[in-house]
Amino acid sequence: MQSDRPPVPHAPLSRRRFFGLSAGALLAAGCTGGADRDDQGNGVSGKPESTESVKPRAAVPDGALGANFNEDPTYVDKEALDGLGTSWVRGFTVLDRVKQGTAAERLRAVESLLDLHGQGFGTILALKFQFRKEGRTVPVPGSREMRAELAAVDKVLEAVLDKVAILTLGNEPFLETRPQERGSKLNPFYQAVAKHVIDYRDERFPEGCRTRLHMGALNRLDDPAMLSDATGEWIDFVNRTPQLDGLDMHPHVTSAGAARKYLDYVLPRLDDGKKFLVTEFSLVNHYQRQMPKPLPAPFLAAHGKELGLGRDTRVWQFLKAAAERPLTQEQWRDFLRMSPWFESQKHFMRDQVTAYRETGRLAAATYGVVQGKASVRDITGKTKPWMLNSLYVPRTVRHEQGAPLPRTYTVFDDFAALQREQDRLPKP
């Protein structure tokens, strides 16, 4: 029987509680609670910290590998994360929803990260301003619109500062801003947000706060058209702002060579004292190119009859059908294994994490952990097949109630192996 396991079980975080936490309460909870942790975010003592002897300090990941759920934490609980061996998890929250006072269930990412923090996980939260999607212009610092955005930011800060380990200011700013505003309004806005967050943090936590700050993710650095003075200024601002630990990157690409261009662009420009995050990365653009293609002949020979597939069935049609009538684990594995476009790239995630770690500058990388509901909605021949980028695949593969979540062929094992490798490294 197919199950649809509910989101992380925990006491609901009401809007009143989410928006009403005082800075004093957060200081007490953040600075005195939880287990002592090493700089990988792993528990050390396993005992509660003394409220008298412990001072605030940040969890500082160094080459960590974690799980990313974006804004949909369904299925992402301690069991799923422990199955991967990871102690880090990342999500984002949309500021427009916070600003509008949307119901608490629409802010599940924040609630889930706070819950996982309480269970001992290192957490990363990104603040997402989606001006382009909402058809809005980027506010000018000092304007009424800017004050409204900062008020929404404050509501999130009240809930998460000194709890989440890393706060990323912006999700994908250059994609979430209209092209004509990237060179004029984008940097002033995000710099104003960063200065506001820094001032807020320093005022409320004068003796130190465990939440580290990074600037949000750079995108499409493999496309020369996306490289400009604005992207250069983004990195320059990180360099000249000592309160920022670094920046984030999201290499969603067609090849490993395209992904390498992100490091080639950022590392020579980023000061040695700064680190980078890679909280999203994938071959989704490569997979998108395969959507109109027919299914591989070996797969049709093995499973075509039982699944009612024909030689004219396209990849996107197969994925759409799998979302509507999930497959067996064997059928899903064979689909990936027998598709040359996947099989030839099956170690992409492993190789990228290895390359990031080898720079010595990686704070943390996080990979898509579970297929979200949106990833299997309205699939067409032009869809970006995000469902192929997940470690757990419960929306395209059947599984029994209470059984472990089904896994993606090869990638899941690579992730677990990378985690074991990190655990073996000597701690500084």
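Strands, rings and a cavity

Trainee: How many bridges join strand 5 to strand 6?
Mentor: Four bridges join strand 5 (residues 122-128) to strand 6, and the two strands run parallel. Strands here are DSSP runs of E with at least two residues, helices are runs of H or I with at least four, and both are numbered from the N terminus. Two strands pair if DSSP finds at least two bridges between them.

Trainee: Before we go on, what kind of model is this?
Mentor: It is a predicted model, in which local features need pLDDT of at least 70 and side-chain atom pairs count only at pLDDT 80 or more, while totals for chains, interfaces and linings use all residues. Residues are numbered from 1 along each chain as its sequence is written, and side-chain values use heavy atoms, with hydrogens and water left out.

Trainee: Back to strand 6. Which residue is the bridge partner of Leu127 there?
Mentor: Leu169 is the partner of Leu127. Strand 6 also pairs with strand 7 (residues 212-218), in the parallel sense and over four bridges. In that pairing, Thr168 stands opposite His214.

Trainee: And which way do the residues of strand 6 point?
Mentor: Ile166 and Thr168 point one way from strand 6 (residues 166-169), Leu167 and Leu169 point the other way, and all are buried. Buried means under 20% relative accessible area, exposed means over 50%, and partly exposed is in between, with a 1.4 Å probe and protein chains only. In a regular strand the side chains alternate between the two faces of the sheet.

Trainee: How many residues of strand 5 are buried?
Mentor: Seven of its seven residues are buried. Gly122, Ile124, Ala126 and Lys128 point one way, and Thr123, Leu125 and Leu127 the other. Strand 5 also pairs with strand 4 (residues 88-94) in the parallel sense, over seven bridges. Arg90 stands opposite Ile124 in that pairing.

Trainee: Change of topic. How many aromatic pairs does a search of the whole structure find?
Mentor: The search finds 19. Rings of Phe, Tyr and Trp (its six-membered ring) pair if their centres lie within 6.5 Å; planes under 30 degrees apart count as stacked, over 60 as edge-to-face and the rest as tilted. One of the pairs is Phe189 with Tyr190, edge-to-face at 5.0 Å centre to centre and 90 degrees between the planes. Both of these residues are buried.

Trainee: Why do Phe281 and Tyr367 count as edge-to-face?
Mentor: Their ring centres are 5.0 Å apart and their planes are at 65 degrees, so the pair is edge-to-face. Phe281 lies in the loop between strand 9 (275-278) and helix 12 (284-288) and Tyr367 in strand 10 (residues 362-368), so the pair ties together parts that are 86 residues apart in sequence.

Trainee: Is Phe281 buried or exposed?
Mentor: Phe281 counts as buried, at 3% relative accessibility. Tyr367 is buried too. Phe281 and Val253 are 28 residues apart in sequence and 7.8 Å apart in space, C-alpha to C-alpha.

Trainee: Which residues form the aromatic cluster?
Mentor: Tyr287, Phe299, Phe318, Trp332, Phe335, Trp341 and Phe342 form one aromatic cluster.

Trainee: What sits over the ring of Tyr265?
Mentor: The charged end of Arg269 does, 3.9 Å from the ring centre. The rule is that NZ of Lys or CZ of Arg is within 6 Å of the ring centre and within 35 degrees of the ring normal. Arg204 likewise lies over the face of Tyr200, at 3.6 Å from the ring centre.

Trainee: How many cavities of 30 Å³ or more does the count come to?
Mentor: Two. A cavity is a set of points, on a 1 Å grid over the protein atoms alone, where a 1.4 Å probe fits but cannot get out, and lining residues have an atom within 4 Å of a point. Grid points are joined across faces, edges and corners, and a volume is the space filled by probe spheres set on the points.

Trainee: Which residues line the second largest cavity?
Mentor: Tyr287, Phe342, Gln345, Lys346, Phe348, Met349, Tyr367, Leu388 and Val411. About 50 Å³ of space lies in that cavity.

Trainee: Last one. Where is Tyr75?
Mentor: Tyr75 is in the loop between strand 3 (64-70) and helix 3 (78-84). Tyr75 has a positive phi of about 75 degrees although it is not a glycine. Most residues other than glycine have a negative phi. Tyr75 is buried, with a relative accessible area of 1%.

How values were computed
1 Å grid on protein atoms, 1.4 Å probe; cavity = no way out; pocket = protein on both sides within 12 Å on 5 of 7 lines; lining within 4 Å.
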